[in-house]
Amino acid sequence: AAENTCRITLGQAHQVRPRLPLLRILQAAGAQGDTFTLKEVMHYLGQYIMVRQLYDKRQQHMVYCGGDELGELLGLESFSVKDPSPLYDMLKRNLTAAAL
Ligand SMILES: C[C@@H](c1ccc(Cl)cc1)n1cnc(-c2ccccc2)c1-c1c(C(=O)NCCN2CCN(C3CCCCC3)CC2)[nH]c2cc(Cl)ccc12
């Protein structure tokens, strides 16, 4: 039931296993290994956007990922960090729970 899932999730740093296209992006941002916490996935995706200079220097919440592997994965040319829904959809498609 929901409360069980909630307890499990809160109880331990859940490891997730990115599918290969996402794993390659995380590794390009310096990630080691092939399982991560969700927090680490978000951190490395942020680093990737910074390193690849995909955000707009003036409107820094805007990410222009068309033509980059990240855009391929998201199926988007651009997105705002203020609307994370496309990101969560991509993560749902590209992360599997890793056995602890
Ligand atoms: C709150 C957080 C966030 C986290 C998840 C989501 Cl679904 C939305 C939003 N966030 C807020 N702005 C950013 C951001 C903006 C532009 C460039 C890079 C990151 C982020 C993102 C982080 C992150 O780990 N953020 C740490 C602090 N950030 C502040 C912004 N800082 C930079 C902003 C651009 C100028 C230089 C500093 C970098 C560190 N990870 C992300 C991964 C993606 Cl796919 C998209 C965005 C982010």
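This report looks at the ligand's surroundings and at how some helices cross.

A quick word on the ground rules: this is a predicted model, where local features need pLDDT of at least 70, side-chain atom pairs count only at pLDDT 80 or more, and totals for chains, interfaces and linings use all residues. Numbering starts from 1 along each chain as its sequence is written, and side-chain values use heavy atoms, with hydrogens and water left out.

Let's start with the ligand. Around it sit M42, H43, L45, G46, I49, M50, Y55, Q60, V81, P84 and L87 (a residue is near if one of its heavy atoms lies within 4 Å). Taken alone, the ligand exposes 790 Å², and the protein buries 63% of that (Shrake-Rupley areas with a 1.4 Å probe). M42 has a backbone N or O atom 2.9 Å from a nitrogen atom of the ligand.

Which helix gives the most to this shell? That's α3, residues 38-51, with six residues (helices are DSSP runs, H or I, of at least four residues).

Helix α3 also crosses α2 (residues 20-28) and α5 (residues 85-94). Axes are lines fitted to C-alpha atoms, over the stretch in contact, with angles from 0 to 180 degrees between N-to-C directions.

| Pair | Axes come within | Crossing angle |
|---|---|---|
| α2 and α3 | 8 Å | roughly 65° |
| α3 and α5 | 13 Å | roughly 120° |

Technical notes
A polar contact is a pair of N or O atoms within 3.5 Å; within protein, one must be able to donate a hydrogen and the other to accept it, and residues adjacent in sequence count only if both atoms are side-chain atoms. Helices (H or I, at least four residues) and strands (E, at least two) are DSSP runs, numbered from the N terminus.
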